[in-house]
Amino acid sequence: MIKITILNLNLVNGNHNYGGAIIATTMINIHNVTFSGNTAKEGGAIYSFKDTLLTDSKFENNIATFGGAIYNEGFFEIQRCKFNNNNATWGGSIYSKKDVRVVNSEIRNSNSKYAPAIYAQNILLVKNSISKN
C-alpha cells in the first residue's frame with residue numbers, strides 16, 4: 001500500500017474543483033503544513049479519499065462549498081492543528097463522510113450555513129479541543 005508524507009510546507013492560494021491544495025487518493029500523513037487562501041468546490045485545502053493523519057498544521061482563509069478546509073471520505077485524524085476563518089456552505093472547516101477524530105486542536109471563526117465548525121455524517125470524536133464560531 002502506498003503512503004505519502006508531506007512535511008514543512010506552505011500551500012497558498014491553490015484552486016481546484018476538489019482540494020484547492022491537495023487531492024489525496026492514497027493514505028497520507030501531513031505534518032507542519034500551513035494551508036492559506038485555497039479554494040475548491042469540495043475541500044478548500046484538502047480533499048481526501050483515504051485515511052489521513054494531520055498533525056501540527058494550520059488552515060486559514062480557505063473556502064469551499066463543502067468543507068472550507070477539509071473534505072473527507074476516509075478515516076481522518078487531526079492532532080494539534082489550528083483552523084481559523086475557513087468558510088463553506090456545509091462544514092465551515094471540516095466536512096466528513098467517514099469517521100473523524102479531532103484532538104488538541106482549535107477551530108475558530110469558521111462560517112457555514114450548516115455546521116460552522118464540523119459537519120460529520122459518521123462518528124465524530126472531539127477531545128481537548130476548542131471551537132469558537
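A residue counts as buried under 20% relative accessible area, as exposed over 50%, and as partly exposed in between. Arg80, at 42% relative accessibility, therefore counts as partly exposed. The model described here is predicted.

- Two bridges join strand β8 (residues 63–66) to strand β12 (residues 87–90), and the two strands pair in the parallel sense.
- Opposite Phe66 stands Trp90, a residue of β12.

**Aromatic rings**

- A pair of aromatic rings is described by two values, the distance of the centres and the angle of the planes.
- The structure has eleven aromatic pairs.
- Phe66 and Trp90 form a stacked pair, with 6.4 Å from centre to centre and 15° between the planes.
- Phe66 belongs to strand β8 and Trp90 to strand β12, so this pair ties together parts that are 24 residues apart in sequence.
- Phe66 is partly exposed, because its relative accessibility is 22%, and Trp90 is also partly exposed, with a relative accessible area of 26%.
- Trp90 forms a stacked pair with Tyr114 as well, at 4.1 Å centre to centre and 25° between the planes.
- This second pair links distant parts of the chain, since Trp90 is in strand β12 and Tyr114 in strand β16, 24 residues apart.
- Tyr114 has a relative accessible area of 34% and is therefore partly exposed.

**Salt bridges**

- Arg80 lies in the loop between β10 (76–79) and β11 (82–84), and Asp56 in the loop between β6 (52–55) and β7 (58–60), so the pair ties together parts that are 24 residues apart in sequence.
- Asp56 counts as partly exposed because its relative accessibility is 28%.
- Arg101 forms a salt bridge with Glu77, and here the closest N and O atoms are 3.4 Å apart.
- That pair links distant parts of the chain, with Arg101 in strand β14 (residues 100–103) and Glu77 in strand β10, 24 residues apart.
- Arg101 is partly exposed at 30% relative accessibility, whereas Glu77 is buried, with a relative accessible area of 14%.
- The side chains of Arg108 and Glu106 also meet in a salt bridge, at 3.1 Å from N to O.
- Arg108 has a relative accessible area of 25% and so is partly exposed, and Glu106, at 24%, is partly exposed too.

**A buried asparagine**

- Asn72 is part of strand β9 (residues 70–72).
- A polar atom of the Asn72 side chain lies 2.6 Å from the backbone oxygen of Gly74.
- Leaving aside residues up to four places away in sequence, Asn72 touches Ser48, Lys50, Tyr95, Ser96, Lys97, Lys98 and Asp99.

- Most residues other than glycine have a negative phi.
- Asn8 is located in strand β1 (residues 3–12).
- The relative accessible area of Asn8 is 51%, so Asn8 is exposed.
- Asn104 is placed in the loop between β14 and β15 (106–108).
- Asn104 is partly exposed, because its relative accessible area is 41%.

Methods: Residues numbered from 1 in each chain as written. Predicted model: local features only at pLDDT ≥ 70, side-chain atom pairs only at ≥ 80, totals over all residues. Heavy atoms only, no water. Pairing = 2+ DSSP bridges. Helix = DSSP H or I, 4+ residues; strand = E, 2+ residues; numbered from the N terminus. Buried < 20%, exposed > 50% of the residue type's maximum accessible area, 1.4 Å probe, protein only. Salt bridge = Lys/Arg side-chain N within 4 Å of Asp/Glu carboxyl O. Polar contact = N/O pair within 3.5 Å; in protein donor to acceptor, adjacent residues only side chain to side chain. Contact = heavy atoms within 4.5 Å. Phe/Tyr/Trp six-rings, centres within 6.5 Å; stacked < 30°, edge-to-face > 60°.
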